[in-house]
Amino acid sequence: MLNKGQTFSYDFFMASAIFFILLIIVFSYWTYAIKETEETRRREDAFNYLIAASQVWFKEGYPKYWDNSSVIEIGLANERKINATKLQILNSSIGYQKFLSLLNVGPYNVFYNVTDENSQTVFWFGAQPSQAKNVYQIERVGVLNNKAVKIKTILWD
Amino acid sequence: MKGIVFSTDAIIAVTLGLLLLSLIPLTFESGHEEASFQALSYQANDLLSVLETLTVSDISQKPTVSSLIAQGIIKDKDLNKTVLDLIGTFWYSGNESIARNITKEVLENLTNKCFKLEVGNETVYSSNCPESNTVAVAFRTASGYEIGKPVAGYIARAWATKVVKNITQTIPFYPEGAGWTANQVEITKKFSLPTNITIYDAILYVSVHFGTSQSQAEFQQLVVNGVQKKNDVVWLYLQEEKSGSEVTTAAYGYVNVKNELVAGNNSIYLKFGTPNYNAHVHPGMRLVVTYSLTQDVFTANTTFRKRYYFDDVIGRTGAWSMISFYIPENAKNVSARLKVNAKRVDDTQVYIGGEWRNSTDVKVYVNSNTTFYADGDNEYCYSYTDKGYYCVRDIAGVMNPRLDFDITSKLVNGTNVVSVYLNSYGDIHWGYQDSEIYSDPINDPENSSYIEVYYELPEPPFYYGEIDITKDKLFGYLDCWKPLWNASNPKNCSFNISENEKRITESFVHIAQGFSSMIKTYAWFDNLPQNLVFVSPAIRAVPESVYIKPSIWNVGENNIALVDFQPGGSISDTNYILPWSSFEYTYLAKSMVGYGSVFNSSDAAVNDAIERLKQQIGAEGINATNIQVDSKSVYGIEWLWGPSLFKLYVW
């Protein structure tokens, strides 16, 4: 009888220990997974915003040739090239805040830097990253003033 | 022992749990890779768009392009080409290094990624980078310039407005005759050939049933435009039929009448008889003339009004003729009139039942073995004499009936046969006059006997730029089952229609026979089911030609079968189809050529177009006497070497 009770106590102790260890591991993983999921969703959202922000250089917007008063959807290209006039309007009339509202990139700020083939800046617009928590960027290639240009789009918060 | 087992279970459970948990981070990684791939994909598309958007002038400062401009290889007119076109131009003209350098110079400073441009399955340019598992690719299809072809210059097309072509025209003699007990039948055919022709060949095939008795009238005259040709006939086939002392012959032969025929109006006169039977023309008598004709190129009509004139037939006694004509398979609004001008017809009567009754002396059949028209109300005979061939009646007088019928309701699309009998039917004759089916289409067309057919086609048989060519092939030259040049029944022949001849607009089989009864004609392509295109509606209704609808024919092996059969349906034992039967068909050839290669001068382009036209129509025996050309300068012709698929890889 004595031997039997000892055996039972030992088994119970071991099983409990394993159970709690497993519980701790599962909980840790669960917490990690939730965080990662949130982070992933946030990054996916950010990437989608980033793509949307970069696409403005390749679409015409609405109306096709908008100005400060008529613009409904922002788009900086016409006939497959970046329209320099639209860049002027963007800088002089639209302004960053209105641009952000038209762009609809959630909580993020956006910054564009357009450089030529020699990486010399030919145009920039937006808010430069400052004490940024997260920064996302994509580099696209377009045609401005009959020259190929590199367009860096930076999204940050 | 129990404790150990329990611990092992727990360890396995823990291990599985940990493995499961370890999978969780992997899902996060895959999301990141997808984003990277999307970014690469945008880059690939952007770079290809740049090549599509930038023009040569936009990259004129690039070393390679600048050098090519300086050398004059790239000219001003090339400056508006896109860079993608330029790369394709050099790549497909064998200048791969130039294409490679342009690609490199344009793209290498626009991305810090590795990239590769392919066209087709060949690499134009590739960065010197290691391979990667994540590669994005963008596609564009584009057309470029053919190797060695100039992209600007002159092109020309040409078409003939007037041509000289060789034509084979068949002028039929319809089965017709009469001529009783050695009295002759006289047949006169008057016809016109075009006036602006040169006759190369003219063969008159003679197919008659005449007597061979020493004491009786036989083949007496064959006069072509006043020249006696009866002794020039080469008899190819003679089939005798004896009945006691009566000997008659179905004879088939030919005579060359090229020297006698003239452009314009012609006349052929035929006179022959039999000892104790009726002399007549058998199927297959026809004149085949080959001549060259100068004609303007035009679009054919869609409405047709054609007259088929009877031959003038004078029979002693009785006269008959069986004329045939055709209506195309797709003809609409078809109508036809029959006019018969008969002369010296004995008006017979019989006294039966205590009264005089008007007997039939004129009979007309239209596609049927029952009469379309009969002038009397009976066909009684008091008795028969002369071996049963002569019907004894009373003769009331002589008449000259002129008949005018609308036969539209009896027409069929295809071959139509109309038979006119004066004082006769089959082998039975009555009356004593030299009755005549009058016809003189040259001098007296309105008083002649004829059938006038009207029909409409949904579209012209040929359009401007198309020339109709007619050929006639004797069965003896075709692939027939029986040995060549043999008479046989049935006769099955095969022949090929070439690619050049595939647009057939009309086709006929001209049936040549000695003795004949009724005929069935089949036509079919390859191994497809046979089409019964004609069957005689009555005995002796074997037409001179049978129309075969062109839709039956196709490029390759085609077949015709002719069967002579008895009214009961059995195949005739002694009625043969002769190898001088023929297949006549008309097909269309193009008399225009489109724009061709690009030349540096208008003259060179025009000369090329004319030469192409001459070669094309020359193959069909056509010469162009008037040619019009249209030359124009062109620029930026995309001589398709593709379209080719451009692929830009980025990794």
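**Note on the predicted model, chains A and B**

1. R80(A) sits in the loop between β1 and β2 (81–82) of chain A. Phi of R80(A) is near 70°, a positive value in a residue other than glycine. Helices (H or I, at least four residues) and strands (E, at least two) are DSSP runs, numbered from the N terminus.

2. Some ground rules. This is a predicted model, in which local features need pLDDT of at least 70, side-chain atom pairs count only at pLDDT 80 or more, and totals for chains, interfaces and linings use all residues. Residues are numbered from 1 along each chain as its sequence is written, chains are lettered from A and ligands numbered from 1 in the order in which they are written, and side-chain values use heavy atoms, with hydrogens and water left out.

3. A second residue with positive phi is in chain B. R344(B) is not a glycine, yet its phi is about 55°. R344(B) lies in the loop between β18 (332–343) and β19 (345–352) of chain B. Is R344(B) buried, exposed or partly exposed? R344(B) is partly exposed, at a relative accessible area of 25%. Buried means under 20% relative accessible area, exposed over 50%, partly exposed in between (1.4 Å probe, protein chains only).

4. Cis peptide bonds deserve a look. One runs from Y62(A) to P63(A), with omega near -5°. P63(A) belongs to the loop between α1 (2–55) and β1 (77–78) of chain A. Another joins N489(B) and P490(B), with omega about 0°. P490(B) is in the loop between β33 (479–480) and β34 (491–497) of chain B.

5. Chain B overall. It has 6 helices and 43 strands. Of its 651 residues, 53% count as buried. Take the contacts in chain B between residues at least 6 apart in sequence: 81% of them join residues at least 24 apart. Contact means heavy atoms within 4.5 Å. The accessible surface of chain B is about 28,000 Å², and 49% of that belongs to carbon and sulfur atoms. These areas come from the Shrake-Rupley method with a 1.4 Å probe; for residues, only the protein chains shown count as cover.

6. The largest nonpolar core has 66 residues. Such a core is a set of buried Ala, Val, Leu, Ile, Met, Phe, Trp, Tyr and Cys residues joined through side-chain atoms within 4.5 Å. L204(B), V208(B), L261(B), L287(B), I407(B) and I451(B) touch the most other members. Strand β7 (residues 197–211) of chain B gives the most to this core, with 7 residues. A second, separate core of 43 residues includes A158(B), V509(B), I548(B) and I552(B).

7. V56(B) is in the loop between α2 (24–53) and α3 (63–71) of chain B. It is buried, at 0% relative accessibility. Beyond its neighbours within four places in sequence, V56(B) contacts residues including V65(B), I74(B), L79(B) and L86(B). S66(B) is 10 residues from V56(B) along the chain, and their C-alpha atoms are separated by 9.8 Å.

8. The axes of α3(B) and helix α5 (residues 96–107) of chain B come within 8 Å and cross at roughly 130°. That makes α3(B) oblique to α5(B). Axes are lines fitted to C-alpha atoms, for helices over the stretch in contact, and angles run from 0 to 180 degrees between N-to-C directions. Angles under 35 degrees count as roughly parallel, over 145 as roughly antiparallel, 65 to 115 as roughly perpendicular and the rest as oblique. From α3(B), P63(B), T64(B), V65(B) and L68(B) meet I98(B), N101(B), I102(B) and E105(B) of α5(B).
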